Amino acid sequence: MKKFDVLVIGGGPGGITVTRNLGRRKDISVGVIRPEDHSMIYCAIPYVIEGLISIEKTFKSDGLVTDVGAELIRDKAVKVDFDNKQVAVEKGDIYGYDKLVIATGSEPAFPNIPGISLSGVFAVKTENDLKITIELKEKGLKKAVVVGAGAIGVELAQALRGVGVSVDLIDIADQILRSMADGDMTAEVQGRIIDNGIRMFLNTQVTQLKGDKTVQEVVLNNGEVIKFAGKEGEPVKGAVFFAITMKPVIDIFRETALDIEKGGIVVNGRMETNIPNIYAVGDCVQFVSGITGAVISGKLATNAVPMGKVAARNIMGIDSEYRGYFNGAATKVYDLFIGGTGLTEKMALQSGYDVIAGYGATTTIFPILPGAKKVKVKLIADRKTHRLLGGQILSEEPVGAKIDLLTFALQKETLLEELSMLSYSAQPYQSFYPAQNAVVMAADEILAALK
């Protein structure tokens with residue numbers, strides 16, 4: 001039996017981050033158990049489907065693990081013995097450890113509805129999912145129903161439509177991208193989706209899938225039935241893709257002493273579980289909002305990375321703490337870029353805050369120059385304390401850097417008065433006029449309303 005100082009189960013963003021940070025210490029031996037052939041850049045999957053990049057470009061280099069001296073074990077963990085500090089893998093080997101990091105990630109969850117086990121029902125998360133979808137496309141996929149209008153579902157719908165597939169997009173909410181932005185910020189984005197030929201069904205649920213062996217009909221709660229069948233005698237060329245939620249991959253720990261709740265493995269801010277010397281990071285973990293302190297979903301690679309950093313630092317004896325999810329995220333919908341961070345206005349109201357919102361609108365560069373494009377900012381704040389609770393940005397150019405600025409403001413519990421005095425840069429080809437900044441404008445609008 002081979003033994004490591006630190007054994008990591010999982011080779012995604014959290015596991016890689018733990019490993020690379022521990023790699024700074026040459027006196028710590030690290031093993032990484034990864035069941036997949038490749039660690040993938042999952043958010044690039046829609047662009048492979050659309051044919052913009054090859055599947056190989058989504059594969060991360062194994063050198064991210066091995067170049068820092070860690071041993072990559074290509075196998076699947078099937079049992080963990082916490083008492084004896086051992087992990088058994090599918091091929092029969094057993095590995096020992098002093099400290100264990102669980103980074104097993106998440107997988108798509110499917111609803112419990114009639115017909116869900118029919119052929120032709122998919123998710124798009126893994127390398128195998130992607131290969132199946134590409135094969136469907138190459139074999140002449142004609143129609144697809146995408147269930148879930150979060151970022152993954154919206155990007156998938158665009159990709160399929162981009163290769164000539166007829167697409168219906170369905171969501172239970174009254175808007176798309178509900179965890180990212182409010183309806184007043186997504187309305188224009190929804191218009192772009194419709195304008196590009198995607199049928200949209202909001203406030204709608206799939207209640208049943210029908211077919212012999214392969215799904216042929218999608219039944220909705222409004223009574224409508226979406227049919228895939230073509231001409232008599234032709235094979236069905238339709239598919240249903242679910243992108244509604246993710247669940248932690250933690251089944252091998254169900255019958256152990258590990259503390260597990262609905263959202264995943266329970267950890268403290270140091271990424272420690274209830275079992276000494278056992279850490280957990282990333283999508284397999286249940287954690288809290290950095291704003292409200294309540295348990296929320298945060299299954300993003302951008303959350304897994306700092307979690308992995310915190311776990312590695314504490315393993316090395318460097319005191320470190322993860323404060324919680326802020327869930328800054330962004331997506332692209334045709335020619336529009338939209339992003340959000342923290343609480344939406346709807347989330348803030350549901351969390352019990354006395355909410356006030358403000359807006360700022362400028363162009364991306366001096367409006368007197370060619371190529372100026374619009375940018376709109378929405379800020380959400382607590383009326384009582386003036387603390388920033390969230391922010392959203394819509395533009396015709398990428399919004400990621402501005403979302404990151406707002407996330408940092410949330411991490412620092414910034415007040416509107418402080419955001420109003422933000423010191424910013426200005427240059428004709430990189431910003432609006434020096435006198436105005438969309439983020440500052442939004443903060444000032446709220447402060448004026450509070451007087």
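This is a predicted model: local features need pLDDT of at least 70, side-chain atom pairs count only at pLDDT 80 or more; totals for chains, interfaces and linings use all residues.
Reader: Which residues of H9 are buried?

Author: Buried here means under 20% relative accessible area. In H9 that applies to Ile 403, Leu 406, Thr 407, Ala 409 and Leu 410. They cover an arc of only 155° around the axis, which means that they sit on the same side of H9. Ala 401 and Asp 404, on the other side of H9, are exposed.

Reader: And what do the buried residues of H9 pack against?

Author: There are strands and helices in the list. The strands are E22 (329-333), E23 (336-342), E25 (374-382) and E26 (388-395). The helices are H10 (416-420) and H11 (438-450).

Reader: What follows H9?

Author: Glu 413 does, and its phi is positive, near 55°.

Reader: Let me try H11 in that way. What span should its residues give, and which of them are buried?

Author: The 13 residues of H11 should span 18 Å at 1.5 Å a residue, and the end C-alpha atoms are 19 Å apart, which agrees. The buried residues of H11 are Ala 438, Val 439, Val 440, Ala 442, Ala 443, Ile 446 and Leu 447. They pack against strand E24 (355-363), E25, H9 and H10.

Reader: Now H7, please. What do its length and its buried residues look like?

Author: H7 has 15 residues, which should span 21 Å at 1.5 Å a residue; its end C-alpha atoms are 21 Å apart, in agreement. Its buried residues are Asn 303, Ala 304, Met 307, Gly 308, Val 310, Ala 311, Ala 312, Asn 314 and Ile 315. Their cover includes strand E1 (2-9), H1, strand E6 (94-102), E19 and strand E20 (285-288). Just after H7, Gly 317 has a positive phi of about 90°.

Reader: H1 is in that cover. At what angle do H1 and H7 pack, and how far apart are their axes?

Author: For a helix pair, look at the angle, the axis distance and the handedness. Helix H1 (residues 13-22) packs with H7 (residues 301-315) at an angle of about 35°, and the axes are 7 Å apart. The crossing of the two is right-handed.

Reader: Which residues meet there?

Author: From H1 come Pro 13, Gly 14, Thr 17, Val 18, Asn 21 and Leu 22. From H7 come Ala 301, Ala 304, Val 305, Gly 308, Lys 309, Ala 311, Ala 312 and Ile 315. Sorted by type, the residues of this contact are 9 nonpolar, 4 polar and 1 charged.

Reader: Turning to loops: is Ser 320 buried or exposed?

Author: A loop residue calls for the accessibility check too. Ser 320 lies in the loop between H7 and E22, and at 10% relative accessibility Ser 320 counts as buried. Leaving out residues up to four places away in sequence, Ser 320 touches Gly 269, Arg 270, Val 310, Arg 313 and Asn 314.

Reader: What about Met 40: where does it lie, and what is it in contact with?

Author: Met 40 is in the loop between strand E2 (30-34) and helix H2 (45-49). Its relative accessibility is 3%, so Met 40 counts as buried. Apart from neighbours within four places in sequence, Met 40 is in contact with Ile 45, Thr 58, Phe 59, Lys 60, Thr 126, Glu 127 and Leu 130.

Reader: Last one: where do Leu 177 and Asn 277 lie, and what are their phi values?

Author: Leu 177, in the loop between strand E10 (166-170) and helix H6 (183-195), has a positive phi of about 55° although it is not a glycine. At 2% relative accessibility, Leu 177 counts as buried. Asn 277, in the loop between strand E18 (264-266) and strand E19 (278-280), has a positive phi near 70°. Asn 277 is partly exposed, with a relative accessible area of 29%.

Definitions and conventions:
Residues are numbered from 1 along each chain as its sequence is written. Side-chain values use heavy atoms; hydrogens and water are left out. Buried means under 20% relative accessible area, exposed over 50%, partly exposed in between (1.4 Å probe, protein chains only). Helices (H or I, at least four residues) and strands (E, at least two) are DSSP runs, numbered from the N terminus. The arc is that of the directions from the helix axis to the C-beta atoms. Contact means heavy atoms within 4.5 Å. Axes are lines fitted to C-alpha atoms, for helices over the stretch in contact, and angles run from 0 to 180 degrees between N-to-C directions. A crossing is left-handed if the near helix is turned anticlockwise from the far one by less than a right angle, and right-handed if clockwise. Ala, Val, Leu, Ile, Met, Phe, Trp, Tyr, Cys and Pro count as nonpolar, Asp, Glu, Lys and Arg as charged, and the others, Gly among them, as polar. The expected span of a helix is 1.5 Å times one less than its number of residues.
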